[in-house]
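Have a look at the chain below before reading on.

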Amino acid sequence: MSPHLQVYRFRLSMFLSIANRAAGVAAAGGSALGLCWISAAAKGPKSFSKVQKVTGNPLGQMLLAGWALALVYHFVAGIRHLVWDSGYRFSKKEINEDGPVAVGVTVGTTLALVAGILGVAICRSRKKAS
């Protein structure tokens with residue numbers, strides 16, 4: 001019988017392991033929605049405008065940012081696993097050191113990605129207005 005969860009001290013590496021699995025599920029679900037978006041674009045302007053209304057409102061924007069976060073984190077965690085599979089950075093000390101780095105890289109990359117996308121959207125809206 002396994003020891004109870006209260007025996008273990010909760011660590012960042014435990015959370016990141018669970019978060020990697022959740023990010024994989026979220027990335028797959030978001031990719032399915034992205035496929036629906038592409039199929040709506042292929043159906044024509046009427047279908048595409050409906051999808052654009054959903055992705056254009058604040059809740060849709062938050063979902064897209066969450067999808068980007070899931071994709072980026074799952075990618076970063078995949079690189080960590082690739083490094084571990086190569087036989088590097090696999091001691092407890094190194095894993096605990098690399099956890100905050102993975103979080104920082106994920107947050108920084110996601111913010112840059114979202115800011116870039118918002119910047120393009122703002123430029124397009126200003127172009128249409130003029």
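First, some ground rules. This is a predicted model, in which local features need pLDDT of at least 70 and side-chain atom pairs count only at pLDDT 80 or more, while totals for chains, interfaces and linings use all residues. Residues are numbered from 1 along each chain as its sequence is written, and side-chain values use heavy atoms, with hydrogens and water left out.

**Helices**

Helices here are DSSP runs (H or I, at least four residues), strands are E runs of at least two, and both are numbered from the N terminus. Let's start with helix 1, which has 32 residues. From first C-alpha to last it reaches 45 Å, close to the 46 Å expected at 1.5 Å a residue. (The expected span is 1.5 Å times one less than the number of residues.) Helix 4 has 38 residues and reaches 56 Å, close to its expected 56 Å.

Which residues of helix 1 are buried? They are Leu16, Ala19, Asn20, Ala23, Ala27, Gly30, Gly34 and Ala40. Buried means under 20% relative accessible area, exposed means over 50%, and partly exposed lies in between (1.4 Å probe, protein chains only). An α-helix has 3.6 residues a turn, so residues three or four places apart point the same way. The buried residues of helix 1 pack against helix 2, helix 3 and helix 4, where contact means heavy atoms within 4.5 Å. Just after helix 1 comes glycine 44, with a positive phi of about 135°.

In helix 4, the buried residues are Ile95, Asp98, Gly99, Ala102, Thr106 and Thr110. Their cover includes helix 1 and helix 3.

UniProt, in an unreviewed entry, lists "transmembrane region" for residues 22-42, 63-83 and 103-123. Its positions are given in the numbering used here, feature names are shortened, and annotations may be inferred rather than shown by experiment. In the model, residues 22-42 are 100% helix and 0% strand, with end C-alpha atoms 30 Å apart. Residues 103-123 are likewise 100% helix and 0% strand, and their end C-alpha atoms are 30 Å apart.

**A few residues up close**

Threonine 110 sits in helix 4. Is it buried or exposed? It counts as buried because its relative accessibility is 8%. Leaving out residues up to four places away in sequence, threonine 110 touches Ala65, Ala68, Leu69 and Val72.

Arginine 126 is also found in helix 4, but it is exposed, with a relative accessible area of 62%.

Over in helix 3 you'll find histidine 74. The unreviewed UniProt entry places the feature "binding site" at His74. At 34% relative accessibility, histidine 74 counts as partly exposed. Setting aside residues up to four places away in sequence, its contacts are Asn20, Ala23 and Gly24.

Glutamine 61 is in helix 3 as well, and it counts as partly exposed because its relative accessibility is 34%. Not counting residues up to four places away in sequence, glutamine 61 touches Thr55, Gly56 and Leu118.

**Pockets**

Rolling a probe the size of a water molecule over the atoms shows where empty space is left. On a 1 Å grid over the protein atoms alone, a pocket is an open set of points where a 1.4 Å probe fits, with protein on both sides within 12 Å along at least five of seven lines; lining residues have an atom within 4 Å of a point. Grid points are joined across faces, edges and corners, and the volume is the space filled by probe spheres set on the points.

| Pocket | Volume |
|---|---|
| Largest pocket | about 1,200 Å³ |
| Second largest pocket | about 270 Å³ |

The largest pocket is lined by 30 residues, and Trp37, Gln52, Thr55, Gln61 and Leu64 lie nearest its centre. Helix 1 (12-43), helix 2 (45-56), helix 3 (58-85) and helix 4 (92-129) each give two or more residues to that lining. The lining divides into 18 nonpolar, 10 polar and two charged residues. Here Ala, Val, Leu, Ile, Met, Phe, Trp, Tyr, Cys and Pro count as nonpolar, Asp, Glu, Lys and Arg as charged, and the others, Gly among them, as polar.

The second largest pocket is lined by 14 residues, with Ser13, Met14, Trp84, Ile95 and Asn96 nearest its centre. Its lining divides into six nonpolar, five polar and three charged residues.
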